[in-house]
Each structure stands twice: as C-alpha cells, then as structure tokens.
Amino acid sequence: MSKRRIRDLERLLRNKKRPLPEDVRKAKEKELEQLKKEVGEKQKKNSQVEKEKKLAKKYRYLKFIEKQKTERKLSKARARLAKMFSKDGKETVEEKNLRKQIDQLVSDLEYIKNFPKDKKYVSLYPSGGSTPEHDARIEKMRKLIESQRNGKKAGNTAAADDEEEDSFFKEADSDDDDDEEETKSIIPSKNAVPQASNEEMKETPKSKGTKKKKKKEKLKKKKRKSGVASSGPKKKMKKGSMD
C-alpha cells in the first residue's frame, strides 16, 4: 500500500500539465519523504530477519555439537571436584584449577547460547586448532555478548521501576476510590429519597382505597341477601280478583 502511494505521489509531483499550488506541493513532498523513510526501515528490518534466519540455519548443527561437548566437560569437571572435596576444608591447587575450569565452561555455554544472531559464529573448538587470531576473535565476541547482556539488564531494571511506580499510583487511586465509596455510603446525597418502612409500605393510599372498596362490596352483598330474604316468593294474582 505504501509503495503504491509513493508511486502515486511521484506521478503527481512530476505532472507539469497540472501544477500544484505551492503549499500543497510542499505537503505532498513531505509525505513522500516520510513514506520512503518508512519503507526503507521496513526493508532493512526484513533483510535483518532474513540474515538471522540464514545464519541460524547454517550454524545450528555446529552450535548443537559444541554445546553437547561443553556440557560433557562440565559434568566431568564437577564430578571430579565433588570427589576431591577435602574434609579439612582447605582447597588444594588442583581444586582451584578445577573451579577455574568449571567457570570457563559455564562461560562457554553462555557464549554458545547468547551468540549474536546477526554475526557469523566463531567456533570454540576450531578444526584446525586454536590460533592467536582465532582466540582474539572469540574474546571480542565475548565482550560483545557481555555488553548486550548488560544492556538488556539495564532495560529490564528500568522497566521494573516503571511497573513499580505504576502499581504504586494504581494502589493510591484504588484507596481514594474506596474512601469515596465509604463517604457516599455514610453521607446521604441531597437527591436521595428516604425509604419507607415495611409498615408504611403496607399502609399506602392505594392499599387503603382498595380496602374501602372491598368493605363496600361486602356491605352491598349483605344488603342484597337480606332484601331477598324479607320479600319472599311473589304470589301470582288471579284473573277473577281483577274482575
């Protein structure tokens, strides 16, 4: 999408038949420059990722072999040190050398694990034997790995400080909200309507009106019954009596 937009802007700026106003032209040129910058950064990032994938595929087996070799050496050195541990607590020269060897092997494992992904791998066990130049390259890469690790630690500590600060302010805000809720529950608002009790609710005007209606209906029914009983059955008049 951005490449298509770049082409459209370039065509628009090259068009001499329909020249753009000066302010519009400057805005379009600025937009074109920004888009080209974004595309260049994206291409650079993609090429970096491709390079890392290529190097990882190339040196994956070599790193695996060297890691296994270093781990075997480390386990053997630790086993020897455990056997040589003196009862009197005094450390012999051989024990000191073994501890140094263990520290070096641990450092080698860190070297294999954290080797930069965008660099060609420098082997710890070269096939032609170690040379001063090769050892210098290894030391250079060790320093680079160490600097990268220190940079990551600094970034992590800064992020942790920010998280602690954010959590502190969040806790303060939550405390304020709790205080507000407590005050709201204690102090009634101006618009609050007092709630009636159960007895008052029972004796509302509507309920009183319904009670009166029911009483009237009962009285009417009683009157009807009493009227029917007093009058009795009506007698039929004879025709002769009328004459």
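The side chain of threonine 70 comes within reach of the backbone oxygen of glutamate 66, at 2.7 Å. This distance, like every value below, comes from a predicted model. Threonine 70 belongs to helix α2, which spans residues 22-83. Its relative accessible area is 0%, so threonine 70 counts as buried. A polar contact of 3.0 Å also joins the side chains of threonine 70 and tyrosine 125. Beyond the neighbours within four places in sequence, the residues in contact with threonine 70 are Leu105, Asp108, Leu109, Ile112 and Tyr125.

The structure contains four aromatic pairs. Two of them are set out here.

| Pair | Centre to centre | Angle between planes | Arrangement |
|---|---|---|---|
| Tyrosine 59 and tyrosine 121 | 6.2 Å | 50° | tilted |
| Tyrosine 111 and tyrosine 121 | 6.1 Å | 50° | tilted |

Tyrosine 59 is in helix α2 and tyrosine 121 in the loop between α3 (93-113) and α4 (132-186), so this pair ties together parts 62 residues apart in sequence. Tyrosine 111 is in helix α3, so its pair with tyrosine 121 links parts that are 10 residues apart in sequence.

Both tyrosine 59 and tyrosine 121 are buried; the relative accessibility of tyrosine 121 is 7%. Tyrosine 111 is buried as well, with a relative accessible area of 2%. One aromatic cluster is formed by Tyr59, Tyr111, Phe115 and Tyr121. Arginine 142 lies over the face of tyrosine 111, at 5.2 Å from the ring centre.

How values were computed
Residues are numbered from 1 along each chain as its sequence is written. This is a predicted model: local features need pLDDT of at least 70, side-chain atom pairs count only at pLDDT 80 or more; totals for chains, interfaces and linings use all residues. Side-chain values use heavy atoms; hydrogens and water are left out. Helices (H or I, at least four residues) and strands (E, at least two) are DSSP runs, numbered from the N terminus. Buried means under 20% relative accessible area, exposed over 50%, partly exposed in between (1.4 Å probe, protein chains only). A polar contact is a pair of N or O atoms within 3.5 Å; within protein, one must be able to donate a hydrogen and the other to accept it, and residues adjacent in sequence count only if both atoms are side-chain atoms. Contact means heavy atoms within 4.5 Å. Rings of Phe, Tyr and Trp (its six-membered ring) pair if their centres lie within 6.5 Å; planes under 30 degrees apart count as stacked, over 60 as edge-to-face and the rest as tilted. A charge sits over a ring if NZ of Lys or CZ of Arg is within 6 Å of the ring centre and within 35 degrees of the ring normal.
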